[in-house]
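Let me put the sequence and the structure up on the screen, and then I'll talk you through them.

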Amino acid sequence: MRWRHPPVYRPLVDLSTMEEHHVIVTYRLDRTTILELCAHLEPDLMSAICHPTVIPPLVQVLSVLHFLASRSFQTTVAIASGMTQPMFSNVLSRVLSALLKHMRRYIVFPQVEDLPTVKGYFCALGHIPNIVGAIDGTHESLVHPA
């Protein structure tokens with residue numbers, strides 16, 4: 001199908017006008033980190049755009065962060081982001097793939113030799129033994145497979 005005039009995507013969210021507290025509650029990251037993340041992912045997100053409606057990388061990242069933070073449904077986040085569900089599904093796939101390429105920059109696991117120090121730090125901080133990391137303040141129990 002040929003487009004006479006390709007549709008123009010109009011972002012529904014303007015990160016610059018949101019209060020910092022609202023940004024953190026909605027996306028689980030602060031504004032500076034989100035913008036830095038977008039800068040790192042932009043080349044991957046721009047090269048993958050094949051749709052006539054170009055969705056800016058910032059909107060792609062924000063919609064995926066909102067999806068991950070809210071634990072909502074794709075349809076709900078898609079509507080809030082001004083996309084169709086199939087379009088959001090493609091965006092989700094692209095952003096997650098781009099994040100995987102850069103994850104070592106953002107996700108760091110302690111080395112085996114550092115575990116006693118890390119466990120001691122968390123025990124002193126929260127009086128919870130055998131903790132080796134924290135994710136966004138959420139408690140996740142990791143069980144060794146049988």
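Predicted model: local features only at pLDDT ≥ 70, side-chain atom pairs only at ≥ 80, totals over all residues.

Residues are numbered from 1 along each chain as its sequence is written, and side-chain values use heavy atoms, with hydrogens and water left out.

Okay, the fold. The secondary structure comes to six helices and zero strands. When I say helix I mean a DSSP run of H or I with at least four residues, a strand would be a run of E with at least two, and the numbering goes from the N terminus. Of the 146 residues, 27% count as buried. Buried here is under 20% relative accessible area, exposed is over 50%, and partly exposed is in between, with a 1.4 Å probe and protein chains only. As for contacts, meaning heavy atoms within 4.5 Å, take the ones between residues at least 6 apart in sequence: 52% of those join residues at least 24 apart.

Now the core. In soluble globular proteins, nonpolar side chains tend to be buried together. A nonpolar core, the way I use it, is a set of buried Ala, Val, Leu, Ile, Met, Phe, Trp, Tyr and Cys residues joined through side-chain atoms within 4.5 Å. The largest one has 25 residues, and the members touching the most others are Leu15, Tyr27, Ile34, Val61, Met83 and Phe88. At least two core residues come from each of H1 (20-27), H2 (31-47), H3 (57-70), H4 (74-81) and H5 (85-106). And what does leucine 15 touch, not counting residues up to four places away in sequence? That would be Val23, Tyr27, Arg31, Ile34, Leu35, Leu58 and Leu62.

Let's stay on H3 for a moment. The expected span is 1.5 Å times one less than the number of residues. For the 14 residues of H3 that should be 20 Å, and the end C-alpha atoms are 20 Å apart, which agrees.

How does H3 sit against H5? They pack at an angle of about 90°, with their axes 9 Å apart. The axes are lines fitted to C-alpha atoms, for helices over the stretch in contact, and angles run from 0 to 180 degrees between N-to-C directions. That makes H3 roughly perpendicular to H5, a label that covers 65 to 115 degrees; under 35 is roughly parallel, over 145 roughly antiparallel, and the rest oblique. On the H3 side the contact includes Gln60, Val61 and Phe67, and on the H5 side it includes Phe88, Val91 and Leu92.

H4 and H5 pack at about 95°, again with axes 9 Å apart, which makes H4 roughly perpendicular to H5. Here Gln74, Thr75, Val77 and Ala78 in H4 meet Gln85, Phe88, Ser89 and Leu92 in H5.

Threonine 26 is in H1, and at 16% relative accessibility it counts as buried. A polar atom of the threonine 26 side chain lies 2.8 Å from the backbone oxygen of histidine 22. For polar contacts the cut-off is a pair of N or O atoms within 3.5 Å; within protein, one must be able to donate a hydrogen and the other to accept it, and residues adjacent in sequence count only if both atoms are side-chain atoms.

Threonine 84 is in the loop between H4 and H5, and is partly exposed, at 44%. The side chain of threonine 84 reaches the backbone nitrogen of methionine 87 at 3.2 Å.

Histidine 102, in H5, is buried at 18%. Leaving aside neighbours within four places in sequence, histidine 102 is in contact with His40, Leu41 and Asp44.

Last thing, phi. Most residues other than glycine have a negative phi. Arginine 28, in the loop between H1 and H2, has a positive phi of about 65°, and is partly exposed at 37%. Arginine 71 has a positive phi of about 55°, sits in the loop between H3 and H4, and counts as exposed at 64%.
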